[in-house]
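Subject: Structure handover

Hello,

Here is the structure I promised. Please open it first and keep it beside you. My notes follow below.

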Amino acid sequence: PAGRMSPPDLTRVRDVLRRLSAMMTDPTLSARTAAMLRGEIACPELEIPHMTKNTVQTTVRLPAELVRRLEKMEATMGKDPALAAFRKGLVVREALTAAEPRNAQLQRDVAVSLDSIARVLLASRDRSGALDALRRGLSTRLALVSCNPGNSHLQRDLSLSHNRIGDVLLNGDDREAALDAYRRGFAIAEALAALDPANTEWQRDLSVSYEKLGDAQSELGNRSEALDAFGSCLGIRENLVAHDRNNVQWQHDLSIIHAKVGDELQAQGDGPGALTAYRKSLAIAEAVTARNPTNTEWQRNLAVSHNRIGDMLLAQRDMPGTLAHYRESLEIAEALTERDRTNAEWQRDLIVSLGKLSAVTGDRTCVARALEIAKSMQARGILAPRDAWTVSYTHLRAHETDSYLVCRLLLE
């Protein structure tokens, strides 16, 4: 029929559009890509002599709308090149999906684009926008699973989608809603793991779901439920590590869950049990960090492990042990902040380490350094609202004779 292309031609042009979608990740090509879609310039990089507007019209069926959306986005996308690139990629993927509404892979690509947009929005602290993007991705995946209920890959995608939404909700203090999202993700992960107990990827997914359930229960103050969930997670991760002791990621996962078990034991008043769990966590953290010293996330976790043990030893009045661990943590925190002074989390970690050390030594220069960092963070707009009071000279000076109280205030 008129206006239709042969299957080979359709496949060829679809491939062109997919390459265009990949090109969207390069912000410098934004204007050029739009010109290609309008048929104003040739596309030698795509190994095609020309790409006219009629070609797009024949293939996508709604080219005018596609070009209109790209042009409108060009004028309103703002200054973030990554967000602009991902949003323009989403437009192209949605156009491809409109051409082939039954193509599951294209719909999956749309959901992936929405996940990427959410990550950028979260980095810019746009929690509402990120949550909206994640929920749109969830809707896409729910539709895919309803049409392909036996597809384990789509089921896994859906589970992870629930977890991502739970993460945003939990960070926004919507704990009950986060727990509900995690439970939905857990139900899928549990079913997949039961299908094939030998599938280590699915076993790890299940351990992550248990961990997230524990996180939400802990935030809700449900200590027993949190400890049960963390215990189940710990059992799976110990089995995974026993299966492959050379897997550094699994070792790191095990270190993290030991620490969370320790947190819950401490909250329930089991100091010796907590200290044992923290020491297990630290031993693993030191081993994996030694194997991958450039991993900053693992370096930070190592610093946190030292602080946890220092806290427990301080409660036991083991001052030499406390000082040793606090100083190890401070050394790591200082090294991380030297690498990136714009990282607010690392800057706050340094404030915490300085406060802890001041509490033990009575060294007021540590508090002065912490205050200087907090003021610098505020001036650069990276100090979280909950920490804004730390820049108050009056507040600090009112308590500077009591280093323990200053430390407690710094950690609140």
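Is R125 buried or exposed? R125 is exposed, with a relative accessible area of 55%. Exposed means over 50% relative accessible area, buried means under 20%, and partly exposed is in between (1.4 Å probe, protein chains only).

First, the ground rules. This is a predicted model: local features need pLDDT of at least 70, side-chain atom pairs count only at pLDDT 80 or more, and totals for chains, interfaces and linings use all residues. Residues are numbered from 1 along each chain as its sequence is written, and side-chain values use heavy atoms, with hydrogens and water left out.

The chain overall

The chain has 19 helices and 0 strands. Both are DSSP runs, numbered from the N terminus: helices are H or I with at least four residues, strands are E with at least two. The chain has 412 residues, and buried ones make up 49% of them. Take the contacts (heavy atoms within 4.5 Å) between residues at least 6 apart in sequence. Of these, 56% join residues at least 24 apart.

Two loop residues

Most residues other than glycine have a negative phi. R125 has a positive phi, near 70°. R125 sits in the loop between α6 (104-123) and α7 (127-147). D173 is not a glycine either, and its phi is positive at about 70°. Look for D173 in the loop between α8 (152-171) and α9 (175-195).

Helices α8 and α9

Axes are lines fitted to C-alpha atoms, for helices over the stretch in contact, and angles run from 0 to 180 degrees between N-to-C directions. The crossing of α8 and α9 is left-handed, that is, the near helix is turned anticlockwise from the far one by less than a right angle. Residues in the contact include H162, I165 and L169 of α8 and A181, Y182 and I188 of α9. By class, the contact of α8 with α9 holds 11 nonpolar, 7 polar and 4 charged residues. Nonpolar here is Ala, Val, Leu, Ile, Met, Phe, Trp, Tyr, Cys and Pro; charged is Asp, Glu, Lys and Arg; the others, Gly among them, are polar.

Helices α13 and α14

α13 (residues 271-291) and α14 (residues 296-315) cross at roughly 155°, and their axes come within 9 Å. α13 and α14 are therefore roughly antiparallel. Their crossing is left-handed. Among the residues that meet are L275, Y278 and L282 in α13 and W298, L302 and I309 in α14. The contact of α13 with α14 counts 11 nonpolar, 6 polar and 3 charged residues.

Cores and L90

A nonpolar core is a set of buried Ala, Val, Leu, Ile, Met, Phe, Trp, Tyr and Cys residues joined through side-chain atoms within 4.5 Å. The largest has 66 residues, and I165 and L206 touch the most other members. Beyond four places in sequence, L206 contacts F186, A189, E190, A193 and I236. Another core, of 15 residues, lies apart and includes L330, L350, A374 and I382.

L90 lies in helix α5 (residues 81-99). L90 is buried, at 6% relative accessible area. Leaving out residues up to four places away, L90 touches V110, S113, L114, I117 and R136.

Best wishes

Methods:
Parallel < 35°, antiparallel > 145°, perpendicular 65-115°, else oblique.
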